[in-house]
Structures are given as C-alpha cells and as structure tokens.
Amino acid sequence: MRGRILFLGVLIVVACALPFLVSSYRTFQLTLVLVYAIALLGLNILTGYNGQISLGHGAFYALGAYCAAILIDKAGAPYWAVVPAAGGVCLVAGFLFGLPALRLEGLYLALATFALGVAMPQLLKYHHLEKWTGGVQGIVIAKPEAPFGIPLEADRWLYFFTLAVTLIMFVLGWNLLRGRIGRALVAIRDQHTASEAMGIHNALYKSLAFGVSAMFTGVAGALGALAVQFVAPDSFGVFLSIVFLVGIVVGGLASISGALYGALFIQFIPNIADEISKAAPWAIFGVFMIGFVYLMPTGVAGAIRLLLTRRRAQ
Amino acid sequence: MTLDAVILQVLAGLATGGIYASLALALVMIYHATHLVNFAQGEMAMFTTYIAWSLINAGMPYWPAFLLTVGIAFILGMFIERIVIRPVENAPVLGVVVVFIGLLVILNSVAGWIYTYTIKSFPSPFPRQPILGIHYISAHELGAIGVTLAVLALLYGFFRFTPLGLAMRAAAQNPESSRLVGIRVGWMLALGWGLAAAVGAVAGMMVAPVVYLDPNMMSGILLYAFAAALLGGIDSPGGAVLGGFAVGVLENLLGAFVIGNELKLAVALVLIVGVLLVKPSGLFGRVYVTRV
C-alpha cells in the first residue's frame with residue numbers, strides 16, 4: 001500500500017513537471033492524453049466492470065463536447081463551468097439510453113450502441129439544430145487564459161486545469177469502484193442471476209452504470225473541446241468510439257490504471273504510425289485489438305500486475 | 001405527394017432494399033452458424049468490391065470479373081473464419097466483438113492504404129436507358145433487384161436440395177450430433193463464412209455504382225442491413241430478405257416525404273433500437289427460452 005501511494009505521488013509530481021520540460025505542442029498532446037484517460041475510465045466502468053459493451057461512446061463524448069461549445073459560444077459561460085454542466089447532461093442522457101439498453105444483452109447492446117455511434121454525426125448536422133450546433137462547420141471556441149495573472153501560457157494552463165479535473169474524476173472513479181457499488185457492478189457482469197438473488201437491484205445498477213460512464217465520457221468531451229478549440233460533427237464518427245474501445249482493450253479491461261496506459265497508446269501510436277501512411281494507425285489499431293484479445297486479454301495493466309506479483313513471489 | 005412520386009420511391013426503395021437484403025442475409029448466415037453478429041460484414045463487402053474494381057480496371061470484362069470476385073470473396077471469408085475467428089469461437093462476447101471490430105478496422109485501413117481514400121466510380125453492367133419502357137426505375141436498379149433475387153434462389157436451392165447444404169444446416173442446428181454422423185462442423189462454419197462473404201461481395205458490387213467506391217461506403221449500408229436482419233428475425237433467412245426490402249422502402253419513403261435525407265442513419269438507429277425493444281426476435285425469428 002505504501003509503495004502504491006509513493007508511486008502515485010511520484011506520478012503526480014512528474015505530471016506537474018512535464019509541461020515545463022516539453023514544447024507547448026507536446027503539452028497539448030499530454031492534455032489530450034488526460035482527456036482520453038477520463039473517457040476510457042468512463043467506458044471501462046460500463047464495459048470492463050459492468051460487462052455492457054458499448055461501441056458508441058464517441059456519441060457521449062460528442063454530446064459533452066457540444067454542450068461545452070454551445071454553452072461557451074451561445075451563453076457565454078465560463079470554461080470551468082461548462083465541464084460539470086456537460087457531465088450532468090451526459091449523466092442524464094446516458095441514464096436514459098441505459099434504460100432501454102437494460103433489455104439488450106451482449107451482442108445486441110453492442111449493435112444498438114454501434115448504431116448510435118454511426119448515426120451521431122448525422123444527428124449533429126441536422127439542420128433544425130444548426131442554430132446551436134453550427135451544422136457541418138461546427139463551432140470554434142477560444143482557448144481559456146490563465147486567471148489571476150498566473151504567468152502561464154494558455155496551453156500549459158489548460159493542461160493543469162485538465163490535470164486537476166482528471167485527478168478528481170479518477171478519485172471519484174476509484175471510490176465508486178472499490179466499494180459496494182463496484183463489487184455490485186462486477187457481480188452483475190459475472191453472474192447476472194446470482195447477483196439479483198443476492199439483493200442487488202440489477203436494473204438500477206446497470207442504468208446507473210450507463211449514466212456514470214456517459215458522465216465521465218462527457219466530461220472528457222468537454223475538456224477535449226476546450227483543448228482542440230473546435231467541435232465539428234465529422235470528428236465524432238464511429239471511429240472515435242472504436243478508438244475508445246482500442247484504448248480499454250490495450251490499457252486493460254476492468255482496471256483503473258489501464259485507462260492511463262490506453263490513453264497514452266491511442267494518443268501517441270497514431271503519431272508514430274502516421275509517418276508510414278495515413279491508413280497505418282488504423283491498421284495498427286486493428287492488429288493490436290485482435291492481438292490483445294488473443295495474447296493479453298487483461299491488457300497492459302494486467303501484464304504489469306502479473307509482473308509485480310511474480311516479482312513479489314520470488 | 002403524388003401517386004407517381006410514391007411509386008417512384010417505392011421502386012427505388014426496393015432496389016436499395018435488395019442490397020440491404022443481401023447483406024442482411026450474409027449477417028443471418030453467420031449468425032445462424034455461430035450466433036455471432038459480424039460487424040465486419042460491410043467492410044468485407046467493401047474490400048471485395050475494390051478487388052472487382054481492380055480486375056475491371058485491368059481490362060477484364062464485367063461478368064467474368066464479377067464471378068472471379070465472388071470466388072475470391074468466398075476464399076477470403078473462409079480464410080478469415082479459419083485464421084481470425086476460430087481462436088475466439090468460445091471466448092466471451094466482448095472478446096469476439098473486439099475481434100470483429102479489429103477486423104473491420106484492418107480491412108478499412110488496408111483498403112485505404114492500397115486504393116487511397118479518393119472516391120472512385122464503379123461500372124454498372126446494366127444499360128443506361130430504362131428497359132422495357134418503364135420510366136419509374138433505372139435499369140441498374142431493376143438489374144440489382146434481379147441479381148439479388150437470383151442469389152436468393154441459388155442459396156435457397158443450395159441449402160434445400162444439396163447434401164452439402166443439408167450438412168451445413170445440420171452443423172448449425174446441432175453441432176454435437178452432426179459431428180457424430182461424420183460432418184466436419186469446423187469446415188461447415190468456414191463454408192458458411194465463405195458463402196456469407198460471397199453474398200456480401202455481390203451486395204457490394206451492386207451498390208457501388210450508386211454510392212461510389214470508397215473505404216467508408218458500407219457503414220450506412222451495414223446499419224440498414226442490421227436493421228433489416230433484426231426486423232426479419234436475426235436467425236431467419238427469409239425474414240432477413242423481407243426485412244431488407246421493407247427497410248429499403250421505408251427508408252426511401254421516410255426520406256422523401258417525412259424527415260428528409262439528412263436523418264437517414266437516425267432512422268436505422270431508431271429501427272434497430274425499436275425492434276430490439278419491442279420484439280427482439282423480429283417478425284419471423286424464433287423465440288429462445290433459456291433456463292436460469
């Protein structure tokens with residue numbers, strides 16, 4: 001336990017020091033890593049812990065991003081207020097989508113969420129919503145400046161803002177998953193009937209898991225919109241949802257730290273692979289997805305856990 | 001909304017419906033054999049359509065290229081089952097879904113890599129002028145419906161009247177007993193995948209002249225095929241075909257008169273979620289009862 005706290009402390013210190021050691025473009029990329037980590041944690045709560053497969057989480061990310069952008073663009077809301085607002089909207093939306101999803105098991109839920117992911121860009125382009133969403137053009141928002149005259153440039157300030165939100169979300173997620181609720185979620189995943197018999201309200205927990213998962217992803221979407229300064233329908237296609245799926249499979253299903261490994265993977269691998277060809281990142285993603293299912297079903301987090309246990313056993 | 005316009009939309013809907021029906025049929029074939037929904041079905045069809053494009057561009061006449069592509073698709077489908085799907089046959093659902101999505105992504109990116117993402121036109125084997133003086137429907141649409149129906153008839157004949165078709169049905173229905181009477185169940189599954197890929201290839205080649213060829217051309221069509229398969233009942237081949245035509249007509253009528261073309265994919269989403277909620281077994285599917 002002490003080792004883990006020490007490790008977390010070192011991690012936070014490194015995370016605070018990093019933006020001063022790298023260029024502001026790299027800082028922007030690191031911000032996106034944090035954003036993806038929150039989104040992946042959200043998807044992992046639903047798919048990893050609760051066993052409900054979602055192939056459409058990009059839709060909730062899009063919803064969060066659009067909430068943030070519309071609130072800033074149309075209502076002039078401050079940037080720090082739009083993040084919880086987006087989370088709240090996505091919590092409700094996820095809960096509502098989770099209600100019909102209760103009747104869908106395994107493959108069928110995957111199908112329904114896949115359809116949601118594919119249809120999302122079209123919904124965002126819908127011309128009756130154009131007044132708010134800006135249609136195909138999307139919305140451009142300004143990058144927030146550091147407050148109180150703190151001498152930090154915008155990219156670095158946003159990184160620290162995102163880091164703070166990430167810490168809050170991870171503490172929330174950790175608290176949620178290590179206790180009674182987390183065990184209930186896992187019980188529902190592993191033994192649906194037995195968990196019901198043990199007094200767990202399956203329907204409530206499953207739709208709540210959907211809501212909370214969407215909330216995490218929505219918060220990530222809002223932060224992502226702030227970082228990229230731009231939202232447009234075509235950046236939230238079904239491939240975004242697939243990227244998230246790649247992230248949790250590579251990072252590790254049903255693992256909190258896995259979200260961070262997954263986020264690093266989906267942010268930096270395409271950068272490296274892009275140099276080969278425009279299509280290469282996706283080919284690599286696909287190969288990694290299949291490869292991890294065959295060879296390392298617990299992902300990077302599982303492999304690290306295994307190594308640590310082996311070392312301790314020696 | 002005149003009667004003429006309605007007839008026009010219904011006929012156009014039947015033409016696209018035929019394509020949904022073929023792809024839905026491919027999905028049902030794989031579902032029937034393995035109880036898996038193949039998310040990569042659309043990308044498999046897209047990839048084989050690119051192969052047909054290469055063959056035609058290399059100077060091969062249309063119909064030989066068509067047949068050769070169907071053959072290649074068959075072999076490709078068998079390969080995919082043997083190499084990629086076999087190892088996860090008994091894995092949990094999540095693992096299987098991830099493998100399917102991985103396959104989708106790989107096929108999509110490899111097609112983009114080889115053929116680039118620029119949109120290509122694909123030839124239609126049918127004349128440009130409407131045939132038989134019918135002005136409601138183009139020759140390609142009529143031809144596509146004809147090809148779809150021919151494929152259906154062939155498949156029906158194959159499964160109903162040949163020993164191999166019987167063996168495949170047996171393997172899908174009761175693998176253990178089939179194995180005991182000497183049917184090689186594993187190979188039957190591979191054959192099923194091959195057939196599904198071949199049917200998908202036909203659908204791809206029929207739809208490509210309409211939507212043009214690009215690596216992402218199938219995502220919307222796959223969604224409609226899902227809707228069609230679910231509407232008809234995901235384990236009923238006949239239901240999938242009827243579902244395909246119904247969804248095609250519904251899509252065109254709604255698109256033309258009610259909600260406009262912008263929300264066509266949302267229609268598919270509503271259909272999928274609606275069918276799953278109201279009648280998960282579809283119109284013609286079997287209701288499964290499990291004991292807990």
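The model is predicted. Chain B has 11 helices and zero strands, and its radius of gyration of 19 Å agrees with that of a compact globule of 292 residues. In chain A, A:S213 is buried and makes a side-chain polar contact with A:H57.

**Chain B: fold and dimensions**
- The order of elements along the sequence of chain B is α-α-α-α-α-α-α-α-α-α-α.
- The C-alpha trace of chain B spans about 60 × 50 × 35 Å along its principal axes.
- A compact globule with 292 residues would have a radius of gyration near 19 Å, so the 19 Å of chain B fits that expectation.
- Among contacts in chain B with a separation of 6 or more, 75% are between residues 24 or more positions apart.

**Chain B: burial, surface and charge**
- In chain B, 56% of the 292 residues count as buried.
- Chain B has an accessible surface of about 12600 Å², and carbon and sulfur atoms contribute 70% of that area.
- The charged side chains of chain B number 12 positive and 10 negative, with 13 Å between the centres of the two sets.

**Chain A: the site of A:S213**
- A:S213 is part of helix α10, which covers residues 202-228 of chain A.
- A:S213 counts as buried because its relative accessibility is 0%, under the 20% cut-off.
- Beyond its neighbours within four places in sequence, A:S213 is in contact with A:G42, A:L43, A:L46 and A:H57.
- The side chains of A:S213 and A:H57 are joined by a polar contact of 2.6 Å.

How values were computed
Residues numbered from 1 in each chain as written. Chains lettered and ligands numbered in written order. Predicted model: local features only at pLDDT ≥ 70, side-chain atom pairs only at ≥ 80, totals over all residues. Heavy atoms only, no water. Helix = DSSP H or I, 4+ residues; strand = E, 2+ residues; numbered from the N terminus. Buried < 20%, exposed > 50% of the residue type's maximum accessible area, 1.4 Å probe, protein only. Polar contact = N/O pair within 3.5 Å; in protein donor to acceptor, adjacent residues only side chain to side chain. Contact = heavy atoms within 4.5 Å. Rg over C-alpha atoms; globule rule 2.2 N^0.38 Å. Areas by Shrake-Rupley, 256 points an atom, 1.4 Å probe, with all protein chains shown as cover. Lys, Arg positive; Asp, Glu negative; His and termini not counted. Charge placed at Lys NZ, Arg CZ, Asp CG, Glu CD.
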